[in-house]
Amino acid sequence: HRQCWEVRKKTLGEDHPETLRSLDNMAVALFRQGNYVQAEALHRQCWEVQKKTLGEHHPETLHSLNGMANALSSQGNYVQA
């Protein structure tokens, strides 16, 4: 996932939806490995950019927000989630 994200970042730019999808995929992979802190950070990074580029209510933006909430919850941060 990281290699794909790096290539897309170079060729499409950091804010491109496909680049952000790769970043989100990386966050999901980290979550599945139990790396909740890293997954949260990547979901948050993706969500912040998507809010600006796609809007707060876009399905991809909401998907990243949900991923971030799941990662927070898995860390026991229920209030933040």
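Predicted model: local features only at pLDDT ≥ 70, side-chain atom pairs only at ≥ 80, totals over all residues.
Contact here means heavy atoms within 4.5 Å. Gly-55 sits in the loop between α3 and α4 (59–74). Setting aside neighbours within four places in sequence, Gly-55 is in contact with Gln-50 and Thr-61.

How exposed is Gly-55? Its relative accessible area comes out at 22%, and since buried means under 20% and exposed over 50%, this glycine counts as partly exposed. For a sense of distance, take Gly-55 and Ala-29: they are 26 residues apart in sequence, and their C-alpha atoms are 25 Å apart in space.

## His-43, a buried histidine

Now for a residue in helix α3, namely His-43. Its relative accessible area is 3%, and because the cut-off for buried is under 20%, His-43 goes down as buried.

What does His-43 touch, leaving aside neighbours within four places in sequence? The list is Asp-24, Ala-27, Val-28, Ser-64, Gly-67 and Met-68.

## How α2 and α3 pack

Helices α2 and α3 have axes that come within 8 Å and cross at roughly 160°. Angles over 145 degrees count as roughly antiparallel, so that is how α2 and α3 run relative to each other. As for handedness, α2 passes α3 in a left-handed crossing.

Who meets whom? From α2, the residues are Leu-20, Leu-23, Asp-24, Met-26, Ala-27, Val-28, Leu-30 and Phe-31. On the α3 side they meet Tyr-36, Gln-38, Ala-39, Leu-42, His-43, Gln-45, Cys-46, Val-49, Gln-50 and Thr-53. Sort the residues of this α2 contact with α3 by type and you get 12 nonpolar, 5 polar and 1 charged.

## The largest nonpolar core

In soluble globular proteins, nonpolar side chains tend to be buried together. In this model, the largest nonpolar core has 10 residues: Trp-5, Leu-20, Leu-23, Met-26, Ala-27, Leu-30, Ala-39, Leu-42, Cys-46 and Ala-71. Which elements give two or more residues to this core? They are α2 (17–32) and α3 (36–53), with α2 supplying the largest share, 5 residues.

Not counting residues up to four places away in sequence, Leu-23 touches Trp-5, Leu-42, Gln-45 and Cys-46.

Definitions and conventions
Residues numbered from 1 in each chain as written. Heavy atoms only, no water. Core = buried A, V, L, I, M, F, W, Y, C linked by side-chain atoms within 4.5 Å. Buried < 20%, exposed > 50% of the residue type's maximum accessible area, 1.4 Å probe, protein only. Helix = DSSP H or I, 4+ residues; strand = E, 2+ residues; numbered from the N terminus. Axes fitted to C-alpha atoms, helices over the stretch in contact; angles between N-to-C directions. Parallel < 35°, antiparallel > 145°, perpendicular 65-115°, else oblique. Left-handed = near helix turned anticlockwise from the far one by under 90°. Nonpolar A, V, L, I, M, F, W, Y, C, P; charged D, E, K, R; others polar.
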